[in-house]
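Welcome! Have a look at the sequence and the model below, and then let us walk through them together.

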Amino acid sequence: MTNKIIYTVFLLLIVAVLLAAPRAHAQSSCLYIVSFNVTPTSGPAYITVAITGLPEGHEVYLHWGIEPYPQGPWSSVTDTLMTWNGTSYVATIGPFQPGTWVAWVFHDATTNTWINYQCVPFWNWNVDVNPPNQAIHGPMFTQMAQY
């Protein structure tokens with residue numbers, strides 16, 4: 001009877017390790033560099049978003065929406081086809097009024113892969129466009145996602 005319990009526990013541990021392994025592998029293979037640029041740095045502005053780490057020739061979309069606050073519910077959801085510039089996929093969206101929260105993720109339609117912030121499902125990039133009464137620290141922001 002004791003051997004049956006030990007055998008069952010051993011099999012359950014093996015199953016648990018096998019189920020956990022794909023998640024660890026998927027996170028470690030997530031290698032993208034995402035940057036965005038808000039211009040101009042005052043008043044209504046455009047956001048240019050770039051993602052590096054996808055091969056040339058893919059159909060990549062910037063999937064974006066307006067939020068009432070960071071990580072809030074999206075409204076006015078749009079898919080914008082990105083263009084290849086020789087090193088990255090790029091899209092420019094806007095103009096947005098100051099104080100507008102814009103969020104985005106990427107969809108590689110070629111592989112049907114969603115690319116989220118830090119490769120975590122349902123996380124997205126957020127930017128408050130030229131927030132009123134805020135100091136500007138520079139026009140280019142980069143989030144390097146190497147997990």
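The report below goes from the overall fold to single residues.

## About the model

This is a predicted model, in which local features need pLDDT of at least 70 and side-chain atom pairs count only at pLDDT 80 or more, while totals for chains, interfaces and linings use all residues. Residues are numbered from 1 along each chain as its sequence is written, and side-chain values use heavy atoms, leaving out hydrogens and water.

## The overall picture

The protein has 1 helix and 10 strands. Both kinds of element are DSSP runs numbered from the N terminus: helices are H or I with at least four residues, strands are E with at least two. Along the sequence, the order is α-β-β-β-β-β-β-β-β-β-β.

Of the 147 residues, 31% count as buried. Here, buried means under 20% relative accessible area, exposed means over 50%, and partly exposed lies in between, with a 1.4 Å probe and protein chains only. The accessible surface comes to about 9,000 Å², and 63% of that belongs to carbon and sulfur atoms; areas come from the Shrake-Rupley method with a 1.4 Å probe, and for residues only the protein chains shown count as cover. Among contacts (heavy atoms within 4.5 Å) between residues at least 6 apart in sequence, 64% join residues at least 24 apart.

## The nonpolar core

In soluble globular proteins, nonpolar side chains tend to be buried together. A nonpolar core is a set of buried Ala, Val, Leu, Ile, Met, Phe, Trp, Tyr and Cys residues joined through side-chain atoms within 4.5 Å. The largest one here holds 25 residues, and I47, I51, L62, V102, W104 and F106 touch the most other members. At least two residues of this core come from each of β1 (31-39), β2 (45-52), β3, β6 (89-96), β7 (101-108) and β9 (125-128).

Take I51 as a guide to the surroundings. Leaving aside neighbours within four places in sequence, I51 is in contact with Y32, I33, V34, M82, S88, Y89, F106 and I115.

Why is β3 described as largely enclosed by the rest of the structure? The reason is that 6 of its 8 residues are buried. Strands pair if DSSP finds at least two bridges between them. β3 runs antiparallel to β7, with 8 bridges joining them, and I66 has V102 as its bridge partner in β7. β3 also pairs with β4 in the antiparallel sense, over 5 bridges; there, L62 has T80 in β4 as its bridge partner.

E67 belongs to β3, which spans residues 60-67, and counts as buried because its relative accessibility is 4%. Polar atoms of the E67 side chain lie 3.3 Å from the backbone nitrogen of Q71 and 3.4 Å from the backbone nitrogen of G72. Beyond four places in sequence, the contacts of E67 include W74, W101 and N126.

## An aromatic cluster

A search of the whole structure finds 6 aromatic pairs. One is formed by Y117 and W125, edge-to-face, at 5.7 Å centre to centre with 85° between the planes. Rings of Phe, Tyr and Trp (its six-membered ring) pair if their centres lie within 6.5 Å; planes under 30 degrees apart count as stacked, over 60 as edge-to-face and the rest as tilted.

Are these two residues buried or exposed? Y117 is partly exposed, at 25% relative accessibility, whereas W125 is buried, at 4%. Together with F106 and W123, Y117 and W125 form one aromatic cluster.

S76 sits in strand β4 (residues 75-81) and is exposed, with 51% relative accessibility. Not counting residues up to four places away in sequence, S76 touches W64, G65 and I66.

H107 is in strand β7 and is buried, at 14%; its contacts beyond four places in sequence include E59, V60 and W114. W84 lies in strand β5 (residues 83-84) and is partly exposed, at 30% relative accessibility. Beyond four places in sequence, W84 touches L54, P55, E56 and Y89.

Terms used:
Polar contact = N/O pair within 3.5 Å; in protein donor to acceptor, adjacent residues only side chain to side chain.
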